[in-house]
Amino acid sequence: MGSEKKNQIDFFDNSLWASTPTNPDYDQLARDMGAVGFKVEDYKDVRGVVEEAIKLNKPWSSMP
């Protein structure tokens with residue numbers, strides 16, 4: 001990806017297309033697919049989120 005980004009900078013006037021990957025929003029992706037999604041922003045919240053998810057007895061996803 002780094003070499004593709006460099007080529008786009010050098011040969012295509014800094015037009016960065018599909019060369020700067022980002023992490024998808026997995027909690028939203030889970031919701032879009034009918035599961036439950038959680039977003040954990042602080043590691044201290046992981047235990048509570050996992051406990052809540054287990055109680056749901058449904059598919060779920062958690063993204064840090």
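These are my notebook entries on a predicted model of one chain.

**Ground rules.** I number residues from 1 along each chain as its sequence is written, and my side-chain values use heavy atoms, with hydrogens and water left out.

**Confidence.** I checked pLDDT (the predictor's confidence in each residue, from 0 to 100). The chain averages 80, and 83% of the residues score at least 70. Helix 3 has the highest confidence, at a mean of 91. Strand 2 (residues 60-63) has the lowest, at 60. Where pLDDT is low, the predicted coordinates should not be read in detail.

**Fold.** I counted 3 helices and 2 strands. These are DSSP runs numbered from the N terminus: helices are H or I, at least four residues, and strands are E, at least two. The order from the N terminus is α-α-β-α-β.

**Burial and contacts.** I looked up how much of the chain is buried (under 20% relative accessible area; exposed is over 50%, partly exposed in between; 1.4 Å probe, protein chains only). Of the 64 residues, 17% are buried. I then took contacts (heavy atoms within 4.5 Å). Among those between residues at least 6 apart in sequence, 29% join residues at least 24 apart.

**Salt bridge.** I searched the whole structure for salt bridges (a side-chain nitrogen of Lys or Arg within 4 Å of a carboxyl oxygen of Asp or Glu). The search gave 1. Asp27 and Arg31 form a salt bridge, at 3.4 Å from N to O. The two are 4 residues apart in helix 2 (residues 26-32), so about one helical turn separates them. Asp27 is buried, at 5% relative accessibility. Arg31 is partly exposed, at 38%.

**Surface.** I have about 5,400 Å² of accessible surface for the chain, with 54% belonging to carbon and sulfur atoms. Areas come from the Shrake-Rupley method with a 1.4 Å probe; for residues, only the protein chains shown count as cover. Tyr43, Val46, Val50 and Ile54 make a nonpolar surface patch, together about 410 Å² of accessible area. Patch residues have over 30% relative accessible area and no salt bridge; like charges are joined within 9 Å, nonpolar side chains (Val, Leu, Ile, Met, Phe, Trp, Tyr) within 5 Å. Tyr43 sits in the loop between strand 1 (36-39) and helix 3 (46-56). Tyr43 is exposed, at 68% relative accessibility.

**Lys58.** I found Lys58 in the loop between helix 3 and strand 2. Lys58 is exposed, at 51%. Its C-alpha is 9.8 Å from that of Gly34, 24 residues apart along the chain.
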